[in-house]
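Below is a short report on one protein model. The text follows the display of the sequence and structure.

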Amino acid sequence: MAPHHLPFYLAPGSGTDTLMVVMGVFLIGTVLWLGTLYWKLHSLPERMAHKSQKLQFEFVAVLGLISLFTHMHIFWIAGLLLAMIDLPDFGTPLRSIAGSVEKIADATPAADGGEVPAEAAAVPPPADKPEPTKEKEHSHV
């Protein structure tokens with residue numbers, strides 16, 4: 001028999017404990033909210049690298065997974081730094097150079113005496129340079 005002047009948060013003798021139910025719901029909500037915040041923070045490098053090159057994004061994603069499973073935060077920091085750095089695109093200029101070299105290689109005349117393209121046949125061979133003449137040295141003695 002509980003007296004009627006007890007505070008509301010104390011459980012009555014034969015009823016449910018309202019404070020425990022409210023705190024249980026609050027605890028579950030807080031854990032879910034903190035878990036969501038943790039996952040958003042953990043995926044921050046991947047979201048930053050998503051707009052960069054594909055290879056850089058894959059490196060950052062792998063570093064994030066390694067840090068998640070090993071609990072070594074240095075991998076997460078490395079992924080964050082890699083996501084913040086904008087790597088230059090070396091592939092496109094190198095592909096352009098390779099394509100140009102292939103075009104040049106296809107346009108050169110054959111060295112084995114094969115057929116010479118018309119453009120190469122129209123160019124006259126360079127003229128031989130005359131050798132400089134040797135002048136006699138004059139002595140002033």
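What pLDDT does the protein chain average, and what share of the residues score at least 70? The chain averages 78, and 71% of the residues reach that score; pLDDT is the predictor's confidence in each residue, from 0 to 100. This is a predicted model, in which local features need pLDDT of at least 70, side-chain atom pairs count only at pLDDT 80 or more, and totals for chains, interfaces and linings use all residues. Residues are numbered from 1 along each chain as its sequence is written, and side-chain values use heavy atoms, with hydrogens and water left out.

Confidence is highest in helix H1 (residues 18–42), at a mean of 92, and lowest in helix H6 (residues 118–122), at 54. Helices are DSSP runs (H or I, at least four residues) numbered from the N terminus. Where pLDDT is low, the predicted coordinates should not be read in detail.

**Helix H3**

The 17 residues of H3 should span 24 Å at 1.5 Å a residue, and the end C-alpha atoms of H3 are 24 Å apart, which agrees. The expected span is 1.5 Å times one less than the number of residues. Gln56, Val60, Ala61, Leu63, Gly64, Ser67 and Leu68 are the buried residues of H3. They lie on the same side of H3, because they cover an arc of only 160 degrees around the axis, taken from the directions from the helix axis to the C-beta atoms. Their cover includes H1, helix H2 (44–49) and helix H4 (73–84). On the face turned away from the buried side are the exposed residues Lys54, Leu55 and Phe69. Just after H3, histidine 71 has a positive phi of about 60 degrees.

**Serine 67**

Serine 67 belongs to H3, which runs over residues 54–70. Its side chain reaches the backbone oxygen of glycine 64 at 2.9 Å. Apart from neighbours within four places in sequence, serine 67 is in contact (heavy atoms within 4.5 Å) with His42, Met72, Phe75 and Trp76.

**The aromatic pair**

One aromatic pair is found in a search of the whole structure. Tyrosine 38 and tryptophan 39 form this pair, edge-to-face, at 5.6 Å centre to centre and 70 degrees between the planes. Rings of Phe, Tyr and Trp (its six-membered ring) pair if their centres lie within 6.5 Å, and planes over 60 degrees apart count as edge-to-face.

The table gives relative accessibility; buried means under 20% relative accessible area, exposed over 50%, partly exposed in between (1.4 Å probe, protein chains only).

| Residue | Relative accessibility | Class |
|---|---|---|
| Serine 67 | 6% | buried |
| Tyrosine 38 | 42% | partly exposed |
| Tryptophan 39 | 49% | partly exposed |

Methods: Helices (H or I, at least four residues) and strands (E, at least two) are DSSP runs, numbered from the N terminus. A polar contact is a pair of N or O atoms within 3.5 Å; within protein, one must be able to donate a hydrogen and the other to accept it, and residues adjacent in sequence count only if both atoms are side-chain atoms. Rings of Phe, Tyr and Trp (its six-membered ring) pair if their centres lie within 6.5 Å; planes under 30 degrees apart count as stacked, over 60 as edge-to-face and the rest as tilted.
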